[in-house]
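Subject: Structure handover

Hello,

Here is the structure I promised to pass on. Please open it alongside this email, and my notes follow below.

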Amino acid sequence: MLTTSQRSDIQGSESSYRNRWTWEDVKWASHCIDCYPGNCPMRVYMSDGKVLREESAGSFRTVMPGVPDMNPMGCQKGVGWTRLLDGDERVLYPLRRVGERGEGKWERVSWDEACTAIADSILDAAEEIGPEAIVAPSGCNLGTLALAGRGKFMQLVAGLTTDLNAEMNDFAAGHYITWGTFDPVSSIDDWFHSGVFLIWFGNPAYTRIPHYHFITEARYHGCEVWTIAPDVSPSAVNADGHLPVKPGTDAALALAMCKVVVDENLVDRQFVLEQTDLPLLVDPETNRYLRQSDLVAGGNEEQLCAWDRKTQSVVEASRSTLKWDDAEPALEGRFTVETLSGPLEVTTVFEMVKARLDDYTPEKAAEICNLGADDIRILARKIATRPTNILGSLNTASKHYHGDLIERSQILLLALTGNWGKHGTGMRAWGAGYFDGMMTFAMKTRRGPDEVASILDLRETTMNAALAADPTMTPKIFSIAAAQAGMMGGRGMGFVPPVFFWYRFAGYKDTWENAAWHDESMPRPFKEYFDEAVDSGWWSGVDYPHDDQPTRVLIECGGNVLRRTRGGTKMLLEHLWPRLKMVVSMEVRMSATAAYSDIVLPMAQQYEKIGFGIPSTHVMNLTFCDKAVDAPGECLDEWEAFRRIAEKIEERAKERGCGPFPSRGGPIFDAQDFHANYTANGLWVEPETIVDEMLRDTALIGTIPADASLEDIRRKGHYRWESLGITPRALSQATDIKADETFVPFRKHVEDGEPYPTYSRRAQFLIDHPWFIEADEHLPRHKEPPAVGGDHPFMVSSGHNRWSIHSLNISNHLMLETHRGTPHLLINDEDAAELGLKDNDLVRVWNDFGEYRVPIKTSETARPRQVVMYNGFDNFQFPDWAGPNDAEPGMIKWLHLAGGYGHLKYWAMQWQPCPTMRNTRVSIEKA
């Protein structure tokens with residue numbers, strides 16, 4: 001029998017427990033970061049001005065009958081995010097460095113003092129060098145207000161914002177080379193339609209937790225799941241098949257499967273004839289297309305040709321449609337044509353591809369890849385007879401030096417088997433840019449639809465004129481051309497590829513000019529290619545900063561450039577940092593970059609400001625994150641932080657009597673009207689006003705429901721896309737949204753014959769740019785990974801870890817309790833024993849470039865001579881703050897500097913060189 005005291009204790013404990021589940025308010029939330037790609041609707045519960053907890057909302061409706069819905073959407077990082085709001089690493093007040101950079105000595109200052117110092121440094125830089133001396137790395141974890149604030153600020157300051165896709169190495173060059181865009185993305189529920197699902201360069205059990213259920217549900221639906229990776233990852237455990245490919249040999253595997261498809265007559269000939277350049281004619285001696293200009297004086301250099309089997313003569317390949325009308329193009333054969341230079345024997349691109357595939361029989365590829373030839377044949381036959389989907393880990397192939405060759409080979413396999421533009425097919429990168437209101441609001445001087453209507457009218461008028469002048473152009477091709485011209489991106493918006501910044505001022509010149517770390521087949525020194533690319537004007541207008549424009553001010557917002565950049569602290573601190581007179585970090589925590597900054601400004605976290613998830617076709621919804629609680633200390637949202645700096649710039653410019661400052665690229669830094677221009681004379685100050693206007697503008701364009709507003713989305717939490725809008729990346733999906741179907745890109749190409757934005761206007765496998773021919777990469781092929789880092793026995797693989805989005809969650813104690821709590825290097829158990837190492841030993845990982853120390857985790861799941869160093873740990877978790885990027889030279893492939901050829905031209909997020917790090921060579925020894 002319980003005593004009165006015991007009953008009271010029990011009742012008190014029960015009451016205490018129940019109080020944990022008592023709340024005063026609940027709001028919609030998501031996590032507005034680069035979350036592969038996240039967009040999980042959450043419900044956040046508050047009491048007494050604090051966030052108590054968050055949980056998955058499970059609010060997405062079923063889209064297509066018979067296809068599972070996307071719910072519940074969420075992961076352990078998301079439902080544990082509350083712990084980050086009051087973490088020990090949180091920055092709460094503006095800080096100014098008082099010791100040496102990186103020494104950890106700070107003083108608290110007011111916002112006024114911090115902004116004044118920043119404003120003066122910006123004005124000093126503009127006076128000394130020009131606006132190009134002010135640089136903002138992109139960062140990939142910017143919320144809505146950060147993107148809007150930094151974008152408007154850097155545009156007005158006429159500074160340089162380095163391109164995000166090169167910074168985070170997520171540009172899929174092989175996609176772009178083939179399709180003219182890198183980022184086709186199906187909705188995750190479309191995976192359910194797949195007959196074969198290839199997890200190739202990915203580990204979705206770690207990285208796609210909210211989406212993974214579609215893979216298992218597809219298996220119940222009859223789909224076969226195969227993993228292709230050197231290691232046996234957690235995603236391989238529940239797969240139907242696993243191919244443990246040797247690191248960096250994936251192109252040989254893909255081409256061997258192409259060989260099987262061709263030899264066994266499994267080619268989808270109609271798809272190949274319409275969608276690709278394989279029926280186009282080519283001179284086998286020069287590896288160049290046959291052009292109209294070869295046949296007729298004054299002919300069009302870009303007009304390519306095929307052989308018509310009906311008329312037994314040359315026929316022009318239409319540039320306005322993929323359909324062949326009455327012609328019957330030959331896919332195979334050799335033909336003699338009369339050119340301006342006399343008779344010429346030509347063949348088709350397909351014949352050249354077939355000849356190349358002779359080097360990749362299953363037996364030959366098995367030797368290259370360390371696989372079984374029969375396994376290659378089995379998988380190839382399955383791919384040829386079923387809808388096939390390739391899921392990577394958001395462009396992991398692109399992180400290989402020869403990742404473009406791997407991707408081109410994968411796409412060739414999909415082309416031969418008719419596997420894109422249909423439900424359950426294709427391969428993907430990452431897509432964004434569909435929230436058009438974020439673009440239009442920055443152009444407006446007053447609220448309401450009038451200015452947006454004018455913007456749309458101007459766009460339509462300009463586009464119609466372009467289409468009338470060139471009937472072969474499409475809205476998609478026009479939009480990309482406009483972006484390349486700077487009308488919707490590029491230097492006109494302050495965006496530049498960072499390759500020139502890194503090469504000229506961050507120390508990468510010597511690294512990239514090290515021939516021993518490049519592919520041994522590179523015909524000429526790297527410097528010759530770099531100089532030719534610049535001197536030829538291929539990068540004119542975006543090749544900033546120039547040699548005489550050293551960076552003086554660096555503003556990091558939404559990123560951690562010292563951790564993220566290949567070479568990281570080793571390269572940037574040694575070469576770039578001494579040039580900088582002001583380093584500003586706008587941060588929620590004391591990151592590696594913040595620790596080496598001059599001023600750290602405290603930013604609001606998720607739930608402390610309004611925002612939206614990355615607008616993507618993955619989940620087909622614009623997801624909303626409301627402000628649930630006030631930010632602690634003196635933390636501000638990024639729009640307000642940039643506004644305060646803008647206010648000080650205008651004030652100090654007037655006091656100093658300086659400005660305006662013209663840039664060489666055209667934009668002018670009007671310092672004395674800076675705050676007025678930033679806020680549109682006080683119109684854009686309050687975040688709620690800004691976000692509401694973005695929503696209404698986006699609704700007017702037709703991307704979200706017509707009655708969309710901040711008030712409405714606060715009730716509903718998210719909007720399903722009704723269209724993808726007007727940006728080049730949206731139009732590049734080439735599919736109209738259907739309310740009751742899962743989304744798959746490229747349907748307009750496959751179903752309607754709309755041309756691709758490539759040189760040939762088709763999915764292009766022959767690139768007859770002189771550099772590509774010189775390198776024998778005019779067609780897909782395999783090349784061994786170069787010895788990046790020197791002659792060392794181990795190759796480093798990587799991937800995103802399970803416990804953090806980048807390094808944002810890595811110090812969350814809840815996450816630390818779910819793993820060893822430290823970084824670790826996965827190493828094969830037999831390799832470890834050979835080195836005299838045991839589990840959890842601290843090792844030195846080193847090469848000719850740099851080194852770091854890390855504990856090992858021994859496992860037979862790692863391939864011999866392969867080590868896996870997961871991404872997402874922060875520098876402060878490693879001894880001496882030296883992390884994996886300190887041993888990654890970040891080599892770029894010289895061919896990605898090529899230009900002057902059709903679609904090989906920069907536009908935001910697209911064609912540009914990106915540092916690579918997969919298969920970096922290292923040695924390992926006990927520390």
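Start with Q292, whose side chain reaches the backbone nitrogen of N300 at 2.6 Å. Please keep in mind that this is a predicted model. Q292 sits in helix α11, which covers residues 292–295. Which residues does Q292 touch, leaving aside its neighbours within four places in sequence? They are G299, N300, Q303, C305 and E316.

The whole chain

Now step back. The protein chain holds 33 helices and 33 strands. Its C-alpha trace spans about 95 × 75 × 55 Å along the principal axes. A compact globule of 927 residues would have a radius of gyration near 30 Å. The protein chain has 28 Å, so the value agrees with that expectation.

Helix α9 and its two partners

Next, look at helix α9, residues 250–263. Its axis comes within 8 Å of that of helix α15, residues 403–416, and the two cross at roughly 20°. Angles under 35 degrees count as roughly parallel, so α9 is roughly parallel to α15. The crossing of these helices is left-handed.

Which residues make the contact between α9 and α15? From α9 come D250, A251, A254, L255, M257, C258, V261 and V262. From α15 come L405, I406, S409, Q410, L412, L413 and L416. By class, the contact of α9 with α15 has twelve nonpolar, two polar and one charged residues.

Helix α9 also meets helix α12, residues 349–357. Here the axes come within 10 Å and cross at roughly 115°. The crossing of α9 and α12 is left-handed. On the α9 side the contact uses L255, C258, K259 and V262. On the α12 side it uses F350, K354 and L357. Five of the residues in the contact of α9 with α12 are nonpolar, none is polar and two are charged.

Helices α13 and α14

How do α13 and α14 lie relative to each other, roughly parallel or roughly perpendicular? Helix α13 covers residues 362–369 and helix α14 covers residues 373–385. Their axes come within 8 Å and cross at roughly 115°. That makes α13 roughly perpendicular to α14. The crossing of α13 and α14 is right-handed. P362, E363, A365 and A366 in α13 meet A373, I376 and R377 in α14. The contact of α13 with α14 divides into five nonpolar, no polar and two charged residues.

Backbone points to check

- P545 lies in the loop between α21 (526–535) and β20 (553–557).
- G659 to P660: this peptide bond is cis too, with omega near 0°. P660 lies in the loop between α25 (638–656) and β25 (661–662).
- N287: its phi is positive, about 60°, although N287 is not a glycine. N287 lies in the loop between β11 (281–283) and β12 (288–289).

Over to you.

Best wishes

Terms used. Residues are numbered from 1 along each chain as its sequence is written. This is a predicted model: local features need pLDDT of at least 70, side-chain atom pairs count only at pLDDT 80 or more; totals for chains, interfaces and linings use all residues. Side-chain values use heavy atoms; hydrogens and water are left out. Helices (H or I, at least four residues) and strands (E, at least two) are DSSP runs, numbered from the N terminus. A polar contact is a pair of N or O atoms within 3.5 Å; within protein, one must be able to donate a hydrogen and the other to accept it, and residues adjacent in sequence count only if both atoms are side-chain atoms. Contact means heavy atoms within 4.5 Å. Axes are lines fitted to C-alpha atoms, for helices over the stretch in contact, and angles run from 0 to 180 degrees between N-to-C directions. Angles under 35 degrees count as roughly parallel, over 145 as roughly antiparallel, 65 to 115 as roughly perpendicular and the rest as oblique. A crossing is left-handed if the near helix is turned anticlockwise from the far one by less than a right angle, and right-handed if clockwise. Ala, Val, Leu, Ile, Met, Phe, Trp, Tyr, Cys and Pro count as nonpolar, Asp, Glu, Lys and Arg as charged, and the others, Gly among them, as polar. The radius of gyration is taken over C-alpha atoms; the globule rule is 2.2 Å times the number of residues to the power 0.38.
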